[in-house]
Number of protein chains: 2
Amino acid sequence: MPGGRRKQRVSMADVAKLAGVSSQTVSRVANGQSGVVESTRELVLAAMRELGYRPNSAARSLRYGRFNTLGVILFGLSTTGNSRTVEAIATQAAAEGYAITLIPVGVPTQDNVLGAFTRMGELAVDGVIVIIEVHLLDAATVALPPGVHVVVVDSDAGDRYPVVDTDQADGARQAVRHLLGLGHPTVWHIAGPAESFSAERRAQAWRTVLEEAGRPVPAIGRGDWSAESGYRAGLALPDECSAVFVANDQMALGVLRALHERGRRVPADVSVVGFDDIAEASSFLPPLTTVHQDFAEVGRRCVQALLAQIGAGPAAPGTDLVPTHLVVRGSTTGYRSVG
Amino acid sequence: MPGGRRKQRVSMADVAKLAGVSSQTVSRVANGQSGVVESTRELVLAAMRELGYRPNSAARSLRYGRFNTLGVILFGLSTTGNSRTVEAIATQAAAEGYAITLIPVGVPTQDNVLGAFTRMGELAVDGVIVIIEVHLLDAATVALPPGVHVVVVDSDAGDRYPVVDTDQADGARQAVRHLLGLGHPTVWHIAGPAESFSAERRAQAWRTVLEEAGRPVPAIGRGDWSAESGYRAGLALPDECSAVFVANDQMALGVLRALHERGRRVPADVSVVGFDDIAEASSFLPPLTTVHQDFAEVGRRCVQALLAQIGAGPAAPGTDLVPTHLVVRGSTTGYRSVG
DNA sequence: ATGGGAAATGTTTACGCAAACATGTGGGCG
DNA sequence: CGCCCACATGTTTGCGTAAACATTTCCCAT
């Protein structure tokens with residue numbers, strides 16, 4: 001029964017023996033180097049096919065000192081932003097000849113982050129992209145093995161590492177100004193969790209715009225990014241609220257439901273703006289006005305920044321902001337004083 | 001300028017020299033083997049810390065012949081199911097001491113799939129999980145390098161590989177039976193793309209239940225899983241439709257919007273059932289009755305099945321189905337004859 | 001024909017780690 | 001007091017690859 005017991009992997013030496021050449025010649029053929037006569041090349045290729053030869057990447061990595069792999073440390077793929085960013089990273093990395101290794105951190109405790117960083121030090125990666133939006137990163141950065149190339153997404157570590165991020169603040173500004181421009185006296189805000197940098201940055205921008213416009217700053221609402229939490233926050237909005245900027249689209253969905261249940265029409269009575277522009281936003285009832293994030297571009301820039309580091313040595317800290325833009329749909333309209 | 005040029009990585013030999021022991025002793029300490037006296041261990045650990053030693057996983061892999069890494073081939077993380085399955089896979093793999101490498105296939109053409117499989121052959125992975133729901137897999141399987149351990153998700157490759165999948169058919173049956181049980185004369189269906197196995201299996205089960213119940217089988221609608229396509233399909237539903245089973249929650253969202261625009265109330269005039277139970281489903285207007293999929297369990301079983309193969313040799317083909325269950329919310333209600 | 005030289009191919013070596021085997025060291029027991 | 005054994009530590013070796021260097025081949029110019 002052939003194949004019952006898996007044979008050893010085929011090495012260059014095996015191919016060389018079958019082809020009757022030296023293993024170095026096999027190596028040359030495998031790497032497409034010149035200096036191998038056509039007939040020999042054919043011979044070697046035939047032997048490779050016959051034996052099903054596949055290069056051993058461990059040996060190759062050992063030889064070259066590089067893995068052609070990037071690590072991505074994150075908490076979860078469940079948030080829209082993360083999965084889309086990771087997808088873009090994977091795609092861009094593949095285009096550059098790199099594979100990506102996922103290093104999930106289960107629960108966002110500091111211990112776990114430290115553990116992931118430690119493990120990562122032993123992983124076969126040439127560089128790391130950290131997608132950890134919470135403040136935990138602060139304390140953990142000290143544990144990052146020295147000499148490891150790092151790019152951080154969505155954080156305020158811009159003083160220590162190269163950071164790529166969506167221009168959260170500008171997106172929030174656009175959202176709030178849009179609502180003020182529609183004549184609303186002020187704008188309520190339902191923010192994400194306090195530990196999140198994005199949430200803080202969006203909330204901060206919201207507050208600043210209101211203050212600069214001399215408008216009252218209403219009490220802030222809080223959610224945990226989930227639609228359910230948005231629903232609860234929506235129920236808590238006061239009756240005089242005519243415009244609300246919600247920190248992400250999922251929570252905005254919950255807000256729409258809460259307002260609906262309270263008999264408040266959107267946008268006639270209340271205008272709602274979200275953030276992210278998830279694919280479903282245009283199918284909400286009503287279609288959601290929201291801030292579009294270019295996750296793909298974030299992923300792309302991450303990879304480029306990291307590869308640049310790997311190629312040219314450590315990069316200067318700093319923040320690279322990807323622009324956002326407001327997409328106006330049906331959930332916002334001009335202010336009409338409430339009876 | 002120290003650090004301007006990155007120093008060579010620290011090897012066991014460096015640590016050994018500093019600690020004044022042999023590299024083998026360093027190896028023993030690094031792997032926590034017994035047979036090293038405490039004082040020596042301390043010495044070595046101190047040297048490791050001082051030099052910032054980190055084991056080289058390429059050398060380790062070369063030595064052991066294993067990578068402790070699993071590959072995941074997929075088209076994209078943009079679908080809810082994929083990203084949640086991948087997350088579960090990553091988590092479970094991490095718990096078992098394995099990292100996971102993502103191998104994205106950009107556009108689902110056969111060439112690209114073949115390319116990914118070829119590349120994968122050269123990747124540093126001990127096994128592969130294939131998450132490719134479309135029929136393209138058929139032709140591509142021939143390209144899977146022999147001797148590579150494989151588990152497939154969401155496919156009909158059960159005759160060739162071990163397959164783990166959600167029990168699509170049973171979920172669809174529950175959905176349709178629920179609607180019939182509410183008194184609806186028949187049930188419309190908006191299916192996913194024809195190339196998708198899941199879509200086909202859900203549609204097939206829908207048809208079978210109707211036929212077994214002796215009900216008329218209405219013309220099938222089609223979408224591409226997106227909310228937008230669900231919207232279009234919803235606009236196309238005939239007026240006499242009182243119950244519709246939509247192949248995923250995103251499309252169901254679009255259907256809800258379409259029905260709303262047409263002035264048809266849900267669930268009073270039309271009952272709607274989705275599939276997936278995404279987190280947002282409970283915040284739709286109205287909250288969506290849908291079939292819950294346990295993506296986490298799928299991911300877990302994938303990893304377990306794959307590791308079992310790696311440990312014990314090739315596994316028999318076959319399909320491992322993860323149960324689903326219907327979650328009844330506000331989008332379905334008893335049939336009332338229309339006008 | 002013959003020497004020179006370029007092109008083709010072969011041989012040696014090191015990458016970092018750890019198993020297998022070899023050596024050293026000290027303590028217990030007859 | 002001496003022998004032997006258990007345990008600590010050192011040395012050798014090979015995993016698969018490819019750079020660096022060595023050798024062979026063969027064609028061409030003289």
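**A walk through chain A of a predicted model**

Of the 339 residues in chain A, 54% are buried, where buried means under 20% relative accessible area with a 1.4 Å probe and the protein chains only. This is a predicted model, in which local features need pLDDT of at least 70 and side-chain atom pairs count only at pLDDT 80 or more, whereas totals for chains, interfaces and linings use all residues. Residues are numbered from 1 along each chain as its sequence is written, chains are lettered from A in the order in which they are written, and side-chain values use heavy atoms, with hydrogens and water left out.

Chain A has twelve helices and twelve strands, counted as DSSP runs (H or I over at least four residues for helices, E over at least two for strands). Its radius of gyration, taken over C-alpha atoms, is 26 Å, well over the 20 Å that the globule rule (2.2 Å times the number of residues to the power 0.38) gives for 339 residues, so chain A is more spread out than a compact globule. Along the principal axes, the C-alpha atoms of chain A fill a box of roughly 95 × 40 × 35 Å.

Within chain A, UniProt lists residues 10–64 in an unreviewed entry as "domain: HTH lacI-type", an annotation that may be inferred rather than shown by experiment. This span is 69% helix and 0% strand, and its end C-alpha atoms lie 20 Å apart.

As for cysteines, A:C302 is buried at a relative accessible area of 0%, and B:C241 is buried at 2%. Over all chains the count of disulfides is zero, a disulfide being a pair of cysteine sulfur atoms within 2.5 Å.

Definitions and conventions: Buried < 20%, exposed > 50% of the residue type's maximum accessible area, 1.4 Å probe, protein only.
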